Amino acid sequence: MLDYSFDTSKKNENIKIVCGVDEAGRGPLAGPVVAAACILPDGFVIDGLNDSKKLSEKKREKLFDIIIDNALDYSIAMASVEEIEEINILNAAMLAMKRAIDGLKIKPDLALIDGNTSRGFTVNTQTVVGGDAISPSIAAASILAKVTRDRMCYDFDKEYPEYGFAKHKGYGTKVHIEAIKTFGVTPIHRPSFLKFLKND
């Protein structure tokens, strides 16, 4: 379980409010990239909180409710498939994270960004490689983003049942790629991610 030493260590007389920021959905072949920003109460311990990728879907869903019920503030935002195609996935992820931060009612003094890239933000930021396994606030944001995007994939599955979005969540599995070859590209697919199909 994550402790609060990392987040607390970032606070001083000028930094009183720290938020964690993470995204979900950089790698999939379809759907938007989703980001979340989260401000947790000082020292609030969430049993089982960890990097969303290390948790079962059932555990993430349970923690999602605990986080939104107890966070001082949180915000979830996204960048669309069209924006991903226009500005590339990295810039779209940055845009989604910026939107998540801007959506907070409480303005943070510092935003901890999971990863090694930070640009285009209107608040002070610090990148944290592997942050969702170090910072509770980043871990909480990762769960909010991941659960939100997975729920969107269940909706995609209802709209496009031939593609199996409920199982692969848009990632380039063999089943997903075969479905694209058989049924074609949908409006939710990212054309720039499908260039490899032209070589088949």
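This is a predicted model: local features need pLDDT of at least 70, side-chain atom pairs count only at pLDDT 80 or more; totals for chains, interfaces and linings use all residues.
Me: What caps the N-terminal end of α4?

Reply: That is Asn 88: one of its side-chain oxygens lies 3.1 Å from the backbone nitrogen of Leu 90. A polar contact needs N or O atoms within 3.5 Å, so a pair at 3.1 Å qualifies.

Me: Which elements do the buried residues of α4 pack against?

Reply: They pack against β1 (18–24), β2 (33–39), β3 (73–79), α3 (81–87) and β4 (110–114). Among the buried residues of the helix are Ile 89, Met 94, Met 97 and Ile 101.

Me: Why is β4 called mostly covered?

Reply: Buried means under 20% relative accessible area, and 5 of the 5 residues of β4 are buried. Leu 110, Leu 112 and Asp 114 lie on one side, with Ala 111 and Ile 113 on the other. β4 also pairs in the parallel sense with β1 over 4 bridges, and 4 bridges join β4 to β5 (residues 125–128), again parallel.

Me: Which residues touch the most other members of the largest nonpolar core?

Reply: Of its 58 residues, they are Val 21, Val 33, Cys 38, Ile 67, Ile 101 and Ile 143. α5 (136–159) gives the most to this core, with 10 residues. Contacts of Ile 67 include Cys 38, Ile 46 and Ile 143.

Methods:
Residues are numbered from 1 along each chain as its sequence is written. Side-chain values use heavy atoms; hydrogens and water are left out. Buried means under 20% relative accessible area, exposed over 50%, partly exposed in between (1.4 Å probe, protein chains only). Helices (H or I, at least four residues) and strands (E, at least two) are DSSP runs, numbered from the N terminus. Contact means heavy atoms within 4.5 Å. A polar contact is a pair of N or O atoms within 3.5 Å; within protein, one must be able to donate a hydrogen and the other to accept it, and residues adjacent in sequence count only if both atoms are side-chain atoms. A nonpolar core is a set of buried Ala, Val, Leu, Ile, Met, Phe, Trp, Tyr and Cys residues joined through side-chain atoms within 4.5 Å. Two strands pair if DSSP finds at least two bridges between them. Lists of a residue's contacts leave out its neighbours within four places in sequence.
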